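Have the sequence and the 3D view open as you read.

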Amino acid sequence: MTYVVSQIGVALKDAFFMAWAVWWALVLGFAISAIVQAWVPRGRIESALAGDGPRPLVWATGLGAASSSCSYAAVAIGKSLFQKGASAASALAFQFASTNLVWELGLVLWVLIGWQFALAEYVGGLVMIALMALLLRFFVSPRLEEAARRHAQEAEAGHEHHTAGEQLTLRERLTSASAWSDVAHNFRGDWQMLWKEITTGFLLAGFIALLGDDFFNFVFVSDAPAAVRTVENVLAGPVIAVLSFVCSIGNVPLAAVLWSGGISFGGVLAFIFADLIVLPILLAYRKYYGTSFALRITALMFVVIVISALVVDGIFDIAGLIPSHRPTREDVFGSIEVDYKLYLNVLATVVFAALMYMTVRGGATDPASHQHK
């Protein structure tokens, strides 16, 4: 019993230290995301994404990259855009971009396991969007897409952000209490949606690290030829992601543990890419679009994730960008020291407290109550 208690303590301590290492990056990423969500009118987004062709796809990618990293929010917003005329390709591109090309995800990856993974995440996000657009019609017919749109128009989304209703210039927004209140409410909304996933991700990382390398070698092939190992790891990565129930940025701590445990570069990428096919989100697809469309886009995304992870792994291998050094347990979980992280975390805590305070002080209003334009 003493040993069990001590191991639980070790896991909780490691989870805390990992959270400490990335706290500033999380706050910065969420703050940037909240500003974009609050100050870009939803109507403009919807009009930009309407119709088919490359232009709406490019807009969907850009707007998704500037949006939230919350997988649930991405799916709900994608559903809303699809309802109002965006093609399935544009809606899915928005989802891929908003969960793979966002600030906070890249920052946390960089801090925990290196800039190579952050770069690979961004490259992989673009590869996934391109592949999805090319392969969509092999999985979804125009007739099924329209049937799914009708189904979506009858469904309700539960995780949508709101934009400010006031038409202000950037200078006016910077000095407007109401505009910053909108930012604060979106910031708080992201944390309310994601704190469980983030907390679960750190806790899982702390406890799974206790299992040791033997566990990872059992799940992920490590003693086969390089090509076989890469393919198996890339196939196993999304399966582990689906079963872990952790999505969005909550995947990153566990990805760091997987990398430390010996999983291939491509396997780690496939695991991170798979946050749009975890079980709760698959159920959301079924609710929003119907069973047939949900099954087909899930199959499409799985294929796209696997191929993209293999492509990025190959590109980075040829370019010599796959890290040769794997972090130790101590590197992954870190410690509290008087360094740049300490100062950035203090600053991040002040920003976090200030934005949260704006959502509860007198006179602050929820952007949901604004008149949208």
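## A buried glutamate

E145 counts as buried because its relative accessibility is 4%, where buried means under 20% relative accessible area, exposed over 50% and partly exposed in between, with a 1.4 Å probe and protein chains only. Please keep in mind that this is a predicted model, in which local features need pLDDT of at least 70, side-chain atom pairs count only at pLDDT 80 or more, and totals for chains, interfaces and linings use all residues. Residues are numbered from 1 along each chain as its sequence is written, and side-chain values use heavy atoms, with hydrogens and water left out.

You will find E145 in helix 8, residues 142-152; helices are DSSP runs of H or I with at least four residues, strands are runs of E with at least two, and both are numbered from the N terminus. Which residues does E145 contact, leaving aside neighbours within four places in sequence? They are F82, S87, A88, R137, V140 and F293, with contact meaning heavy atoms within 4.5 Å. F82 lies 63 residues from E145 along the chain, and their C-alpha atoms are 9.7 Å apart.

## The cavity

F82, A88 and F293 also turn up in the lining of the largest cavity, together with A91, L92, Q95, Y289 and I297. A cavity is a set of points on a 1 Å grid over the protein atoms alone where a 1.4 Å probe fits but cannot get out, and lining residues have an atom within 4 Å of a point. The largest cavity holds about 50 Å³ of space, where volume is the space filled by probe spheres set on points joined across faces, edges and corners.

Helix 5 (88-100) and helix 16 (291-318) each give at least two lining residues, and helix 5 has the largest share, with four.

## The nonpolar core

Within the largest nonpolar core, which has 109 residues, L26, M132, F187, Y285 and Y289 touch the most other members. Such a core is a set of buried Ala, Val, Leu, Ile, Met, Phe, Trp, Tyr and Cys residues joined through side-chain atoms within 4.5 Å. Helix 1 (residues 2-39) contributes the most to this core, 13 residues. L26 touches V108, W191, I198, F202 and I249, with residues up to four places away in sequence not counted.

## The whole chain

Stepping back, the protein has 18 helices and zero strands. Of its 373 residues, 53% count as buried.

Technical notes. 1 Å grid on protein atoms, 1.4 Å probe; cavity = no way out; pocket = protein on both sides within 12 Å on 5 of 7 lines; lining within 4 Å.
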